[in-house]
Amino acid sequence: MNRQAQAVILLLVGGAVLRASLTDQYLNYVKPGLQPYLILSGAILVLAGGFSLWYELRPARAAVAGSAAGVSGGSVGVPEGAAGVSAHDGHEHDSHGHEGHGHGQDDDGHGHGSGGPKVAWLLLLPVFGLLLVAPPALGSYAAGRSGAALVAKSDFAPLPAGDPVKLTMLDYASRAVFDRGTSLGDRRVELTGFAMRGPGGTWLLARMMVSCCAADARPVKVAMAGQLPDGLRDEQWLRLTGTYTDRQLKDTVNGETIPFIEVSGSTVIQAPAEQYES
C-alpha cells in the first residue's frame with residue numbers, strides 16, 4: 001500500500017463516518033449524544049485524506065516533468081572510472097563496475113517511503129460495511145442471548161401525570177422488581193419495544209439499553225400477559241398500554257427476574273429511528 005492508497009482509504013473511512021452520522025444510521029451503533037463527535041471525527045478524516053492525496057500528487061507530477069526534461073536533454077558523459085548513472089537504465093555504477101540503485105531500498109521511486117503494511121487494506125472492510133451492508137440495530141437475536149438488565153434502586157419518584165404515563169422499559173422493570181409495583185399502583189403505563197420469545201414460550205417485550213454504544217448493549221425484558229395482538233412475531237415493534245401485575249419469571253440466560261405487565265391494548269408500529277434506550 002503506497003501513500004496515495006492510504007489517503008484514498010482515509011477519504012473513504014471519513015466519508016462513511018460522515019454519511020452515517022448525518023443520517024439516523026448512526027443511532028444503530030451509538031447513543032444520540034455522540035453524533036457531534038462522529039461528525040467532527042469524520043470531517044477530520046476527510047480533510048486529512050484530501051490533504052494527503054493532494055500532497056502526494058503534487059511532487060509526483062513535478063517528478064514526471066523533471067524526468068521528461070532530463071531525457072530530452074540527452075546523457076552527459078562522465079570521466080572513466082568515476083561513479084556515474086547510466087542514461088538508459090537509471091542505475092548507478094561505481095568505479096569497480098558494481099551496479100547500484102540511485103535511491104534507498106525503502107524508496108518508491110518518487111522520493112517517498114515504501115508505504116504502510118498490507119494489513120491497512122482491512123480498513124476498507126468497515127467502509128464497505130457502512131456503505132453497502134449497513135448492519136441494523138441489535139434486536140431479538142442479541143436480546144435472546146443476553147441476560148436481562150435491571151438497575152436496583154431503594155426509592156422511586158412518583159409517576160408523572162398522564163394516562164397512560166409513558167415509561168422507559170428500564171423504569172418500568174426496575175419499579176416492578178425492586179419496588180414491587182408500589183410506585184406503579186394501578187396506573188396505566190405505556191411501553192415501546194420489540195417482541196421476542198421468552199422462557200416457556202412466553203412473549204416478551206424487550207429493548208436494548210446502551211451506556212455508550214452497541215458494543216455494551218444489554219436487553220431490558222418485560223413479559224406480556226393479557227390482550228396480545230394476533231399474529232405476533234419476533235422483531236415486531238409494539239406500543240402497548242397496561243398495568244402492573246406481580247407475576248414474574250426468571251431469565252434462562254442469567255437468572256435475572258423478568259416482571260410482567262398486564263396488557264390492555266397494543267399497537268404494531270414501525271421500528272423507531274432511535275431503537276436503544278440509554
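The legends below describe close-up views of one predicted model.

Local features were taken at pLDDT of at least 70 and side-chain atom pairs at pLDDT 80 or more, while totals for chains, interfaces and linings use all residues. Residues are numbered from 1 along each chain as its sequence is written, and side-chain values use heavy atoms, with hydrogens and water left out.

**Figure 1. Overview of the chain.** The chain has five helices and nine strands; helices (H or I, at least four residues) and strands (E, at least two) are DSSP runs, numbered from the N terminus. Starting at the N terminus, the order of elements is α-α-β-β-β-α-α-β-α-β-β-β-β-β. Of the 278 residues in the chain, 36% are buried. Buried means under 20% relative accessible area, exposed over 50%, and partly exposed in between (1.4 Å probe, protein chains only). Among contacts in the chain with a separation of 6 or more, 66% join residues 24 or more positions apart; a contact means heavy atoms within 4.5 Å.

**Figure 2. The largest nonpolar core.** A nonpolar core is a set of buried Ala, Val, Leu, Ile, Met, Phe, Trp, Tyr and Cys residues joined through side-chain atoms within 4.5 Å. The largest one has 23 residues, and Leu167, Tyr172, Leu191, Met224 and Ile261 have the most contacts inside it. At least two residues of this core come from each of helix H5 (169–178), strand E5 (189–197), strand E6 (203–209), strand E7 (218–226), strand E8 (237–250) and strand E9 (257–269). H5 gives the largest share, five residues. Another core, of 18 residues, lies apart from this one and includes Ala137, Ala217, Leu249 and Ile258.

**Figure 3. Surroundings of leucine 191.** Leaving aside residues up to four places away in sequence, leucine 191 touches Leu167, Thr168, Met169, Tyr172, Leu205, Leu238, Arg239, Leu240 and Ile261. Leu191 is among the residues with the most contacts inside the largest nonpolar core.

Figure 4. The structure holds three aromatic pairs. Rings of Phe, Tyr and Trp (its six-membered ring) pair if their centres lie within 6.5 Å; planes under 30 degrees apart count as stacked, over 60 as edge-to-face and the rest as tilted. The ring centres of phenylalanine 51 and tryptophan 54 are 5.5 Å apart and the planes are at 40°, so this pair is tilted. Phenylalanine 51 and tryptophan 54 are three residues apart in helix H2 (residues 35–72), a separation of about one helical turn. Tryptophan 54 is partly exposed, at 43% relative accessible area. One aromatic cluster is formed by Phe51, Trp54 and Tyr55.

**Figure 5. An aromatic pair between strands E5 and E8.** Phenylalanine 194 and tryptophan 237 have ring centres 5.6 Å apart and planes at 65°, so the pair is edge-to-face. Phenylalanine 194 is in strand E5 and tryptophan 237 in strand E8, so the pair ties together parts 43 residues apart in sequence. Phenylalanine 194 is buried, at 1% relative accessibility, and tryptophan 237 is also buried, at 5%.

**Figure 6. A charge over a ring.** The charged end of arginine 247 sits over the ring of phenylalanine 260, 4.1 Å from the ring centre. A charge sits over a ring if NZ of Lys or CZ of Arg is within 6 Å of the ring centre and within 35 degrees of the ring normal.

Figure 7. The structure holds four salt bridges, each a side-chain nitrogen of Lys or Arg within 4 Å of a carboxyl oxygen of Asp or Glu. Aspartate 171 and arginine 175 form one of them (2.8 Å, N to O). These two residues are four apart in helix H5, about one helical turn. Aspartate 171 is partly exposed, at 22%, whereas arginine 175 is buried, at 5%. Another salt bridge joins arginine 239 and glutamate 190, with the closest N and O atoms 3.8 Å apart. Arginine 239 is in strand E8 and glutamate 190 in strand E5, 49 residues apart, and the pair links these distant parts of the chain. Arginine 239 is partly exposed, at 38%, and glutamate 190 is buried, at 15%.

**Figure 8. Aspartate 251 and its partners.** Aspartate 251 lies in the loop between E8 and E9 and is buried, with a relative accessible area of 5%. Its salt bridge with lysine 221 has the closest N and O atoms 2.9 Å apart. Lysine 221 is in strand E7, so the pair ties together parts 30 residues apart in sequence. Lysine 221 is buried too. The backbone nitrogen of valine 253 is 2.8 Å from a polar atom of the aspartate 251 side chain.

Key:
A polar contact is a pair of N or O atoms within 3.5 Å; within protein, one must be able to donate a hydrogen and the other to accept it, and residues adjacent in sequence count only if both atoms are side-chain atoms.
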